[in-house]
Amino acid sequence: MSDATPAALTTEDIVIVGLVAETKEDATRQLAVKLANDGRVTDLDGFLADVRAREEQMATGLPGGIGIPHARSAHVTVPSVAVATSVDGVNFGAADGPAHLIFLIAAPDGADDKHLHILAALARKLVHEDFRQSLRDANSGAEIAAIITREVQS
Amino acid sequence: MKIVAVTSCITGIAHTYMAAEALEQAAKKAGYEITVETQGSAGSSPMKQSTIDAADVVIFATDLEVKDRRRFNGKPFLQIGVSKALADAENVVAQAVSSIATLPKDGAAAPAAPKAAPAAEKAPKNDSGDKPGFFSRLFGSK
């Protein structure tokens, strides 16, 4: 490990607790705005276009009530995961219903292995219901960010 | 029961790893050994050939072409999309194991071989052979 510790994947600044969104596009945009405001995305519309291109290939709703819009993009500066919890859920095209947890996963185009390993670790965690439950139960963005950091980057 | 699996997806940052985890969990639950090679963006570390050789069945949960596929030559394999492994891992594992006898063997009938094969191999090993005269006939040597 020659580099400093990589920046946190998720901080409370890029979490939305109690997201209200009619569509997955709306949900994705709200999260992307968080990334842009935090300096993690340099070109909001360019990034959203990359996410949309991926989403059009196959919807990213998954069993267990999660949606994972994602892209590798030249408009991303640091591997990031913006997270939203939604009481009503947002339709991400999963067979078993709307997503109550949404993870907007952003990877820089030229990210190196070390950084992408962190995203891979998060992806593996998403499969586990106890992990998802702990995020749904969280009451604040800080709590959600802390859970992700603890589980993925420790 | 030993299973090996390969996962891959278009972007290579999410489904690849989620499917790997789901397959590992499902196999563990069923009491099987499994080794998964994630061919994603975070660098893929190829599994040992000895691991492949020892496997009873292969699961390709891949949306992209399997890298270095020849490593799996002769192995019975189940080909599915990465999403199916993610959504239905337990059934995928069960299906792979229960249908070993009837699954196609990798490399056996490779339908697209002639066109896909880059630069006809020199075939020093004469592996698919049994036709010693094939090349001489092809090139008309007498």
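This is a predicted model: local features need pLDDT of at least 70, side-chain atom pairs count only at pLDDT 80 or more; totals for chains, interfaces and linings use all residues.
Contacts here refer to C-beta atoms, placed from the backbone, that lie within 7 Å.

The secondary structure of chain A comprises six strands and five helices. Read from the N terminus, these elements follow the order β-α-α-β-β-β-β-β-α-α-α.

The overall dimensions of chain A can be taken together with its burial. The C-alpha trace spans about 45 × 30 × 25 Å along its principal axes. The radius of gyration of chain A is 14 Å, which agrees with the value near 15 Å that a compact globule of 154 residues would have. Of these 154 residues, 49% count as buried.

Attention now turns to the meeting of the two chains. Here, 20 residues of chain A are in contact with 16 residues of chain B. On the chain B side, two helices, α1 (15-30) and α3 (82-87), each supply at least two of the residues that touch chain A. The largest share comes from α1(B), which gives five residues to this side. Sorted by class, the side of chain B that touches chain A holds nine nonpolar residues, six polar residues and one charged residue.

Definitions and conventions:
Residues are numbered from 1 along each chain as its sequence is written. Chains are lettered from A and ligands numbered from 1 in the order in which they are written. Two residues are in contact if their C-beta atoms, placed from the backbone, lie within 7 Å. Helices (H or I, at least four residues) and strands (E, at least two) are DSSP runs, numbered from the N terminus. Ala, Val, Leu, Ile, Met, Phe, Trp, Tyr, Cys and Pro count as nonpolar, Asp, Glu, Lys and Arg as charged, and the others, Gly among them, as polar. The radius of gyration is taken over C-alpha atoms; the globule rule is 2.2 Å times the number of residues to the power 0.38. A residue is buried if 20 or more other C-beta atoms lie within 10 Å of its own, exposed if 12 or fewer, and partly exposed in between; C-beta atoms are placed from the backbone.
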